[in-house]
Amino acid sequence: MIRRLGGYGGAAILLLLVSLVLTLRLGSVELPAGKIASILLHELPGIGRWFPQTWDDSASQIVLKVRMPRILLAALVGAALALAGAAFQGVLRNPLADPFTLGVSSGSSLGAALIIFFGLRTAWIGQWTLPLTAFVTGALTLFAVLALARDRGRLPVHGLLLAGVVMQSFLGAAVTFLSAMSDRPVNEILYWTLGSLNLRGWDYSAILLPYVLIGGAFLWANAGAMNLFALGERQAGHLGLDTERTKSAVLLVATLVTAAAVSVSGVIGFVGLVVPHMIRLIAGPDYRLLVPLSALGGALFLMWADTLARSLVVGTEIPLGVVTAFAGAPFFALLLQRNKRGKGETA
Amino acid sequence: MKWPDWRKKGDRAGGKASRFHFMRDEGGEAERDAAVSSGAGEADSPAIELVGAACRYGPVQAVRPLDWTVRRGEFWAVLGPNGSGKSSLLGLVSGAERPSAGVVRLGGRPLADYGRRELARRLAVLPQEGLPPLGITVRDALELGRFPYRDRFGRERDPAAARELLARIAGRLELTALLPRRLDELSGGQRQRAALGQVMAQQPEILLLDEPTSYLDIYYQLDVMELVREWREAEGLTVVAVLHDLNLAAQYAQRLLLLREGRRAAEGVPEAVLTPANVGGIYGVDPPIVVRREEIGAPQLLFRADGRGGSTKPLTDE
C-alpha cells in the first residue's frame, strides 16, 4: 500500500510541479518555462541565492502576483472538492455522490445570490462579505439536511440523498428566481453559480489552505473506515466501526471543506464527482490511496481547467464549471470504456 | 488472551479437527478450562444470555420478551417461518438492535457495556450474502477482518503474527490462490468462503451466521457449514446460526430454537424440536415425514408437494 502510494503520489506531485510551470507560462504575456522556473526557485528560502535575478520586475510581478495566486487557488479548490467527493462516495456507498450531494452548493449559491441581488458585495467586511455569507449559508444547509434526514438517531443513506435532493431543488429555485429578477446588464448571479477564480489574490488561498490541510488529514485518517463502509454499514458495525459517528463526522468535515471551496470560487461541478472515479480506475478502490490521490488529482485537474478557462477564448473567460464539465465528461467516458474492455478480457 | 501466540502448524496429522488449531494458543485454552473448572470469573458464565430481552420496531413486536441461554462451545440453530423474529433475535445478540426491554449479556457482561471494537474481537457475524462483489482483492477483504485489532493508523501490534494468521486462514480455506483476485471476479460460493476468512481474522469467541447458505448451491452450503463445524470443534467456538433449511440445521446444530411470532415455540435437541407436529403447526404445512438413517445421524424431513396444510397461508407483512 505504502509503496503504491509513494509511486502514484510521487508521479502526481511531479505532474503538479511540471503543470505549475506550464500553466504559469500561459497568458497574455508569453514567458519561457526556464525563466518561470528560475523565478520560482529564486523565491525559495535557502536555495534562492543560487538563482540570481536575471529578469525584469514585471516578469516576476506577472508570475508571482497575477498568475501564481490564481493557479494555487485552483489547485486548492480542486483538491478540496475531489477530497470531499471521495469521502462522500466512501461513506454513502453511492457512485453518484459528490460534494454537493447534501445541498451545500445550493445553500452557498443562495447566500451569494442574496448578497449580489441586494448589492451588498462590499457592504460589511469588504471583499469577504460574499465568501463568508456563502460559507455560512452552505453550512446551514448541511445542518438542515442532516436534521431532515435524521431518523431515530441514525442517518440512513437514502434519507440523506433524498433530503439533499429536496434541498437542492428548493434552494436552486430561489437562486434561479433571484437571477431572473436581477436587472443588471451582466448576470453576476449566474456567473457566480458557474464558478470562477478570476481576480482572487493570495489571501483567498490562505483562507482555503487550512480547510484542505486539516480536512484532508481528517478524511485520510478515516480512509480505513471508508473501506469498511464498502462492506455495508451493518457488517462495518460488526467489524467494530461506529458507523453512525464516522458517517456524521466524515460528512460534516467533507461538507465544510466543500463550503470553504465554494465560498471562494463559486460552484464548480464535476471535479468532486469525476476525479475520485478517475483515481479509482487508475489506482483501485482502496480509500487509503483514493483519498490522498484524489486531492492531488483534483488539484491537477482544476489547474488545467482554469488555465483553459482563462486562455481558450482570447479576451474573455469561460465559466470554470463549463470547462470542468466539457473536459471531465469525455475523459471520464474514455476511462470507463477502457475499464470495461479491460474487464472483458480478463473474464 | 486477546493476542494469542499462534501455534506453529507443525502437526497436520490430526486431520480435520486440527485444521483450525492455529487460531488460538494452547495456553489460552488451558487458562479458559482452568477458569471453567474452578467455577470462577467471567469464563464460567454462559456465552450468550438473554433475560426478558425484546425487540420492537415501532408498533411491531419482532421479538417478545425472551429468556435464552447459550453455553460456551454450543452450536445453535434459530429456526422459524419468515417474520418470526429470527433475524431480530440475531440482531439483539450482535448488538445491531438495542433491546426494547430486558438485557442481553455476553460472557456475563451486558452487551451495552462493550466497546465496538472490543465486541468485534469477541463476536463476529457472517452475513447472508457473503462479501459484496467489490473491486477489492480477497487479501484486502481478509485484512478488513483485522480492523478491531488495529490502532487508528491501521497498524497491527504484531504485524508479522497478523500476516502469518491471515496466510494460515487463507491456506485452511483454500483461498491462497485467490488472494490477489478481486471479489467481483469470484463466484458466490467463493465470496462466502472469503467472508468466512474475514470473520476468522476477527478471532471471535462467538460466531453468528445469518442464513449463510441462502444463495449457495448444495456444495457450498455443505462447505460453509462444514468449515464452521471444524472451526468450532477445534476452538470451542460458540455458534448461533439463523437457518431456513431445517435439514441442514438438524445435521449441524446441537440445539435448535424454534420461533413463532417472536416467541419461543420449541427448544432442544433436533429430535425433540423437529417433530411432524411442531414443523407442520408452526410453518403451516402438512406434517412432514421424519426420516432417520444411521449414516446421517440426525432426523431429516421430507415435505409433500403442495403440502400447505390444505389452506393458503394468509399474507402477512413480508
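This is a predicted model: local features need pLDDT of at least 70, side-chain atom pairs count only at pLDDT 80 or more; totals for chains, interfaces and linings use all residues.
Figure 1. Residues are numbered from 1 along each chain as its sequence is written, chains are lettered from A and ligands numbered from 1 in the order in which they are written, and side-chain values use heavy atoms, with hydrogens and water left out. Helices (H or I, at least four residues) and strands (E, at least two) are DSSP runs, numbered from the N terminus. With a relative accessible area of 2%, Val257(A) is buried; buried means under 20% relative accessible area, exposed over 50%, and partly exposed in between (1.4 Å probe, protein chains only). Leaving aside residues up to four places away in sequence, Val257(A) touches Ala80(A), Tyr211(A) and Gly215(A), where contact means heavy atoms within 4.5 Å. Leu239(A) lies 18 residues from Val257(A) along the chain, and the C-alpha atoms of the two are separated by 29 Å.

**Figure 2. Packing of helix α5 (residues 129-149) of chain A against helix α11 (residues 243-265) of chain A**. The two helices pack at an angle of about 150°, and their axes are 8 Å apart. α5(A) is therefore roughly antiparallel to α11(A). Axes are lines fitted to C-alpha atoms, for helices over the stretch in contact, and angles run from 0 to 180 degrees between N-to-C directions; under 35 degrees counts as roughly parallel, over 145 as roughly antiparallel, 65 to 115 as roughly perpendicular and the rest as oblique. The crossing of α5(A) over α11(A) is right-handed, that is, the near helix is turned clockwise from the far one by less than a right angle, anticlockwise being left-handed. On the α5(A) side, the contact is formed by Pro131(A), Ala134(A), Phe135(A), Ala139(A), Leu142(A) and Phe143(A); α11(A) contributes Leu252(A), Thr255(A), Leu256(A), Ala259(A), Ala260(A) and Ser263(A). By class, these comprise 10 nonpolar, two polar and no charged residues (nonpolar: Ala, Val, Leu, Ile, Met, Phe, Trp, Tyr, Cys and Pro; charged: Asp, Glu, Lys and Arg; polar: the others, Gly among them).

**Figure 3. Phe270(A) in the loop between α11 and α12 (271-283) of chain A**. Phe270(A) has a relative accessible area of 24% and is therefore classed as partly exposed. Its contacts, not counting residues up to four places away in sequence, are Val275(A), Thr324(A), Ala325(A), Gly328(A) and Ala329(A). Pro210(A) is 60 residues away along the chain, with 23 Å between its C-alpha atom and that of Phe270(A).

Figure 4. At a relative accessible area of 16%, Ser179(A) is buried, and it touches Asn187(A), Ile189(A) and Leu190(A) when residues up to four places away in sequence are not counted. The phi of Arg93(A) is near 50°, a positive value in a residue other than glycine. Its relative accessibility of 48% makes Arg93(A) partly exposed.

**Figure 5. Helix α5 (residues 159-172) of chain B and its packing against α6(B)**. Chain B has 318 residues, of which 51% are buried, and its secondary structure comprises 10 helices and 12 strands. The 14 residues of α5(B) span 20 Å from the first C-alpha to the last, close to the 20 Å expected at 1.5 Å a residue (1.5 Å times one less than the number of residues). Buried positions of α5(B) are Ala161(B), Ala162(B), Leu165(B), Leu166(B), Arg168(B), Ile169(B), Ala170(B) and Arg172(B); their cover includes α4 (138-144) and α6 (188-201) of chain B. α5(B) and α6(B) pack at an angle of about 145°, with axes 10 Å apart, in a right-handed crossing. Leu165(B), Leu166(B) and Ile169(B) of α5(B) meet Gly197(B), Met200(B) and Ala201(B) of α6(B). This contact holds five nonpolar residues, one polar residue and no charged residues. Just after α5(B), Glu174(B) adopts a positive phi of about 55°.

**Figure 6. Glu261(B) in the loop between β9 (255-260) and β10 (263-268) of chain B**. Although not a glycine, Glu261(B) has a positive phi of about 50°. Glu261(B) counts as exposed, at 53% relative accessibility.
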